[in-house]
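Reader: I have just opened this entry, and I would like to learn how to read its features one at a time. Could you take me through them slowly?

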Amino acid sequence: MSTRAPAAARNSTRAPAVAARNLIKTYPGDVTALRGMDLGIEAGTVFGLLGPNGAGKSTTVKILTTLARPDSGTATVAGHDVLRHPDRVRRAIGVVAQKSGADPVATGRENLLLQGRLYGMRGAAVKRRADELLDRFDLADAGDRQVKGYSGGMQRRLDVALGLVHRPEVLFLDEPTTGLDPEARTAMWEEIARLAGDEGLTIVLTTHYLEEADRLAERIAIVDRGRIVVEGTPDELKGELRGDAVHMELRAGGDTGAVTTALTGLPGVHEVLVDGGRVSVRAEDGAAAVPVLLAALERAGAAVAAATVARPSLDDVYLRYAGRRFSEAESAEARPAAVPTPAGGTR
Ligand code: ADP
Ligand code: MG
């Protein structure tokens, strides 16, 4: 993403921004929210915790932000142990919870000033910071209006501004766009991408939107039932599902036998399927295969009207590692009784 700080601006020898090992958390009523959560997040990066509702994302954030204690396991944030030095952790982090923490009857500016003062900022410095953030989050005109009159998108932008008042090293965003309309969501994505360009800022983002994680996060950990099932860059994760699907529409020509023969055995091309004027192949690298495929079709006398390359989606990755579709996992959470128990041995 072009808005990110250049790699050289990041200090790769810095301690990880977040390191968690084997976090276990059980809630009253025998709900096991985390069953061995491990995380390592490099400073200065955007990290996405992606999982369906009920996966344990918010519980993880609560533990890392000192709002909840794990039953067992360890975690450090910005180099500080969350259990031994929660005060140090709190000074180093900004938190945007899943539910807004802004005071609805105060104005946006008053919320920012109060937040700054809670962090020990005083006088002109805190006023300047409030102005700067109102400006930056496009709230300057609304700054002196009560928050309860803000749109959903404005409230969410204020929430993020509140998390940044004291210039944290690590910003936690728990589902920053859930409940926003598509336009406000896109605006928030742009904002987060811009934040990611702030030198040194680490962003830990939870989301149940595959597209959001794919678009914003440099690395993604997929969370399912209280643990990480797979982690990597979006491209690495999708790349684990070998190959791209290349679909081509033929304009003319295209004797099925001749087309099949022309494409079969091309380097990096598998599973040639010809169905009338539609040709589909699996290719190790779709973009690289397209010119090769087009040339072979031309030699076989077939004219191509259109070609598209489809990458495997994160939903495909989730299916492979969690053993069910993302949408099924989401609806399973709506019916808790349907969630298999760990004792049942189901992944
Ligand atoms: P996510 O943020 O991924 O949707 P959560 O961490 O909120 O997941 O929840 C993980 C599991 O823990 C869910 O089954 C949820 O119902 C349960 N849970 C979360 N908070 C509480 C709580 N305060 N008391 C009891 N159960 C909880
Ligand atoms: Mg949550």
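Author: Let us begin with a term: a polar contact is a pair of N or O atoms within 3.5 Å, and within protein one atom must be able to donate a hydrogen and the other to accept it, while residues adjacent in sequence count only if both atoms are side-chain atoms. In this structure, an oxygen atom of ligand 1 lies 2.8 Å from an N or O atom in the side chain of Lys57. This is a predicted model, in which local features need pLDDT of at least 70 and side-chain atom pairs count only at pLDDT 80 or more, whereas totals for chains, interfaces and linings use all residues. Residues are numbered from 1 along each chain as its sequence is written, ligands are numbered from 1 in the order in which they are written, and side-chain values use heavy atoms, with hydrogens and water left out.

Reader: Which polar atoms of Ser58 and Thr59 lie close to an oxygen atom of ligand 1?

Author: For Ser58 it is a polar backbone atom, 2.8 Å from an oxygen atom of ligand 1, while for Thr59 it is a polar side-chain atom, at 2.5 Å. The residues around ligand 1, each with a heavy atom within 4 Å of it, include Tyr27, Val31, Pro52, Gly54 and Lys57.

Reader: How are two packed helices described?

Author: They are described by the angle between their axes and the distance between the axes. Axes are lines fitted to C-alpha atoms, for helices over the stretch in contact, and angles run from 0 to 180 degrees between N-to-C directions; helices are DSSP runs (H or I, at least four residues), numbered from the N terminus. Here the axes of α3 (residues 108–118) and α4 (residues 123–136) come within 9 Å and cross at roughly 135°. The two are therefore oblique to each other, since angles under 35 degrees count as roughly parallel, over 145 as roughly antiparallel, 65 to 115 as roughly perpendicular and the rest as oblique.

Reader: Which residues of α3 and α4 meet?

Author: Contact means heavy atoms within 4.5 Å, and among the residues that meet are Leu112 and Leu113 in α3 and Ala130 and Leu134 in α4.

Reader: At what angle do the axes of α3 and α5 cross?

Author: The axes of α3 and α5 (residues 152–164) come within 9 Å and cross at roughly 20°, and these helices are therefore roughly parallel to each other. Their contact is made by Gly108, Asn111, Leu112 and Gln115 of α3 and Leu158, Ala161 and Leu162 of α5.

Reader: How do α9 and α10 pack?

Author: Helix α9 (residues 256–263) and helix α10 (residues 286–299) pack at an angle of about 140°, with their axes 9 Å apart, which makes α9 oblique to α10. Val259, Ala262 and Leu263 in α9 meet Leu293, Ala296 and Leu297 in α10.
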